[in-house]
Amino acid sequence: MQTMTIEAHCKVNFTLEVLGKRADGYHALRSVVIPVSLSDTLEIEPTDGEISSDTGFPDDLCVKAAKVVLGEDSKRGARIHVAKRIPAGGGLGGGSADAAATLVALNEIYALGLSPAQLAEKGALVGSDVPALVLSRFAGAVLMEGRGEFVSPLGVGLPHLDLVLVNPGVFSSTPAVFRACSPRVTNDAEILYNIRVSLKSGDAAAIAESLQNDLEAPAMKLHPEIADAKSALQKAGAEGVTMSGSGSTVFGIAKSGEEADLIAAKLKSQGYGAWHVTTVCPVV
């Protein structure tokens with residue numbers, strides 16, 4: 001068996017609705033998750049039972065994913081090297097993307113025969129964002145519900161879009177943002193309907209108008225730097241500027257790749273982390 005190299009693409013949330021608090025303490029969510037081209041690169045080497053990773057994170061989701069898919073007592077193992085590019089604590093699901101790539105790679109390396117849906121089920125045991133990042137590798141745009149354990153293909157094509165990601169350099173704590181968020185009083189079905197219709201049309205302007213994130217306001221109260229980054233990206237010409245996940249990264253849609261390059265360069269000159277990325281469908 002050979003070492004496998006795989007790209008772990010991050011995500012942005014085109015919509016993120018907080019629908020209430022569940023009995024288990026988690027918030028009930030509904031979110032349209034989109035894979036984009038910024039990625040970490042994983043090299044996964046099969047081993048005789050040892051499972052290790054060099055991410056340096058105390059809660060290493062790659063190791064957790066490997067143990068979930070291979071079994072704690074398995075004689076099959078993996079040595080995982082991660083070249084990080086996705087900023088941590090940025091609302092882009094970097095650690096979850098690495099875990100999703102680990103599941104997909106080990107399924108192939110060891111010929112486990114698990115379907116995308118089965119891999120997503122395994123991902124739910126690793127972390128809330130992992131199932132969506134598994135399924136998005138095969139389906140592009142996905143709908144994430146529950147605390148993240150229920151995922152399904154959105155059922156519309158994912159158009160090519162040029163996006164600009166801007167990270168203000170602050171770590172946004174997901175638990176703190178959720179504690180500061182007030183769930184929706186009513187379930188607004190138009191949010192999901194509008195993003196479905198706009199994605200199906202492929203109209204970038206309509207998509208920009210349909211972006212929504214219920215966690216944006218509480219995150220900005222905790223970290224005013226996020227609001228500053230959003231304002232800077234809007235002033236630079238991006239459309240539909242919205243925060244991803246629980247922050248701190250914001251993103252917006254550019255009219256072309258050339259415009260996205262110019263916007264990203266302008267934001268970098270202002271001291272921000274900025275990337276021109278594109279939508280990705282699928283990556284496997």
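This is a predicted model: local features need pLDDT of at least 70, side-chain atom pairs count only at pLDDT 80 or more; totals for chains, interfaces and linings use all residues.
Local features require pLDDT of at least 70, side-chain atom pairs count only at pLDDT 80 or more, and totals for chains, interfaces and linings use all residues. Residues are numbered from 1 along each chain as its sequence is written, and side-chain values use heavy atoms, with hydrogens and water left out.

Helices (H or I, at least four residues) and strands (E, at least two) are DSSP runs, numbered from the N terminus. Helix 2 spans residues 94-109. From first C-alpha to last, its 16 residues reach 22 Å, close to the expected 22 Å; the expected span is 1.5 Å times one less than the number of residues. Of these 16 residues, 14 are buried (under 20% relative accessible area, with exposed over 50% and partly exposed in between; 1.4 Å probe, protein chains only). Ala 111 follows helix 2 and has a positive phi, near 50°.

An open sheet is built from four strands in the order 9-10-7-11, with antiparallel pairing. Strands count as paired if DSSP finds at least two bridges between them. Strand 9 (239-243) and strand 11 (273-278) are the edges; each has a single partner strand, so one side of each lacks a neighbour in the sheet. Neighbouring strands are turned by 20° against each other on average, direction ignored. Strand 7 (residues 162-167) pairs with strand 11 over six bridges, in the antiparallel sense. Asp 162 stands opposite Thr 278 of strand 11.

Two helices lie across this sheet's strands. Axes are lines fitted to C-alpha atoms, for helices over the stretch in contact, and angles run from 0 to 180 degrees between N-to-C directions. Helix 9 (residues 224-235) lies across strands 7, 9 and 10 (250-254) and runs at about 10° to strand 10. Helix 10 (residues 257-269) lies across strands 7, 10 and 11, at about 165° to strand 11.

Helix 3 (residues 116-124) packs against helix 4 (residues 130-139) at about 160°, with axes 7 Å apart. Helix 3 is therefore roughly antiparallel to helix 4 (angles over 145 degrees; under 35 is roughly parallel, 65 to 115 roughly perpendicular, and the rest oblique). Contact means heavy atoms within 4.5 Å. Pro 116, Leu 119, Ala 120, Gly 123 and Ala 124 of helix 3 meet Val 130, Pro 131, Val 134, Leu 135 and Phe 138 of helix 4. Ser 136 also lies in helix 4. Ser 136 is buried, at 3% relative accessibility. Apart from neighbours within four places in sequence, Ser 136 is in contact with Pro 35 and Val 142.
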